[in-house]
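Please read these notes with the model open beside you. They go point by point.

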Amino acid sequence: LQSAGSRGDQARQLVIDLETRGKQAFPVFLSILRDTGQGDLADMLIEECECPPVSPQLVDLRPVELDLSGEKRDRAGLVLIPGGRGITSHCGVQGAKYYVCVVYELKADPCGHCLILNNVEFSGDSDLLTRDGSNVDCKKLEKRFKSLRFEVLTRQNLKAQDMVSELRELAQRNHSALDCCIVVILSHGCQTSHIQFPGGVYGTDGKLIPIEKIVNYFNGSNCPSLGGKPKLFFIQACGGEQRDRGFLVDCDSPGDEAPEGSLESDATPFRTLAGGTDEPDAVASLPTPSDILVSYSTFPGFASWRDASSGSWYVETLDNVLEQYAHSEDLLNMLLRVANAVSAKGRYKQIPGCFNFLRKKFFFMCK
């Protein structure tokens with residue numbers, strides 16, 4: 001621009017450059033100038049270029065790809081993306097629309113720890129069957145999260161108390177130099193009494209651990225070095241015994257049909273915890289969780305399906321979605337893709353869901 005000559009010539013050249021980026025680029029640019037206290041510069045551009053004032057109507061822009069490596073931030077550290085992905089904000093007296101994309105920063109390498117607890121074989125007196133296909137799930141997720149820059153630790157076939165010990169050990173580590181933490185649990189599960197997060201998972205001895213107890217090991221009070229950082233939980237386990245046959249809808253193509261003989265569920269009956277409706281590590285007086293997302297393979301109360309040869313529907317789909325979209329989409333959007341794909345499978349139906357207490361968008365950093 002400096003080579004264009006006078007300030008007026010530079011202004012005209014700037015307008016030309018903006019116009020090449022679409023007819024709405026200049027109005028949005030003016031509105032952002034005013035919103036950031038640079039109204040005089042906006043007035044000068046209008047005057048020098050003899051441009052009419054911008055209409056107060058909102059400007060609708062098509063989404064653009066987010067380049068996290070070169071983003072521009074405002075004084076609060078928020079990512080400003082005209083027309084991009086994020087939280088809609090109306091700026092300036094011109095009323096144009098731009099987006100403030102609040103994103104968790106992942107700069108550490110590795111990004112953080114990923115603990116996978118994979119229970120396949122259960123004791124005979126637990127009345128829980130071997131979870132054939134779970135090792136397929138485990139290997140997929142090990143490979144996937146390593147590729148997403150996480151340090152992966154896998155533990156196999158643990159009793160409930162040993163699972164608790166592994167979770168506590170991870171929560172008690174110093175995560176100050178890391179940006180995230182992931183916990184994956186592959187086991188049998190059931191519906192259980194809860195206050196915060198529904199469901200529970202079993203150790204190989206048949207003893208139950210509530211999901212909310214697992215999550216609360218990592219909350220701000222119990223794991224301060226992860227304060228303000230995303231903590232992600234992926235639970236492949238049944239939420240209950242119910243088998244959902246679904247309901248009829250108009251559909252362009254039939255759902256996937258898996259051979260009935262190869263399907264298994266991770267369900268066990270509803271359990272009420274001994275000594276009341278909850279345990280001391282998960283009572284209502286705990287802080288409200290923040291920066292936490294718990295992704296469930298199925299809706300609370302319903303079975304979660306697993307194929308003995310290809311693994312669970314949830315993990316298989318999650319792995320495929322991460323492979324295709326982790327480089328470009330945020331986690332919540334990808335989980336919607338997972339839910340949509342899994343819901344179309346099989347004779348019995350299943351739909352994953354999540355309890356989301358993240359404060360910002362979460363993007364994986366791919367290698």
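1. Start at Phe362. Phe362 is buried, at 1% relative accessible area. Buried means under 20% relative accessible area, exposed means over 50%, and partly exposed lies in between (1.4 Å probe, protein chains only). Phe364 is buried as well, at 2%.

2. A word on the source. This is a predicted model: local features need pLDDT of at least 70, side-chain atom pairs count only at pLDDT 80 or more, and totals for chains, interfaces and linings use all residues. Residues are numbered from 1 along each chain as its sequence is written, and side-chain values use heavy atoms, with hydrogens and water left out.

3. Now the aromatic rings. The structure holds nine aromatic pairs. Rings of Phe, Tyr and Trp (its six-membered ring) pair if their centres lie within 6.5 Å; planes under 30 degrees apart count as stacked, over 60 as edge-to-face, and the rest as tilted. One of the pairs is Phe218 with Phe233: edge-to-face, 5.6 Å centre to centre, 70° between the planes. Phe218 sits in the loop between α6 (211-216) and β10 (231-236), and Phe233 in strand β10, so the pair ties together parts 15 residues apart in sequence. Helices (H or I, at least four residues) and strands (E, at least two) are DSSP runs, numbered from the N terminus. Phe218 counts as buried, at 0% relative accessibility. Phe233 counts as buried too, at 1%.

4. Back to the opening residues. Why is the pair of Phe362 and Phe364 edge-to-face? The ring centres of Phe362 and Phe364 are 4.8 Å apart and the planes stand at 85°, so the pair is edge-to-face. Ring pairs also link Phe145, Phe150, Phe234, Phe362 and Phe364 into a cluster.

5. Look at a charge next. Arg337 lies over the face of Tyr325, 3.7 Å from the ring centre. The rule: NZ of Lys or CZ of Arg within 6 Å of the ring centre and within 35 degrees of the ring normal.

6. Check Ser134. Ser134 lies in helix α4 (residues 134-147) and is buried, at 0% relative accessible area. The Ser134 side chain makes a polar contact with the side chain of Arg131 (2.7 Å). A polar contact is a pair of N or O atoms within 3.5 Å; within protein, one must be able to donate a hydrogen and the other to accept it, and residues adjacent in sequence count only if both atoms are side-chain atoms.

7. Last, helix α2 (residues 25-35). Its buried residues include Phe26, Leu30 and Arg34. Just after α2, Gly37 takes a positive phi of about 80°.
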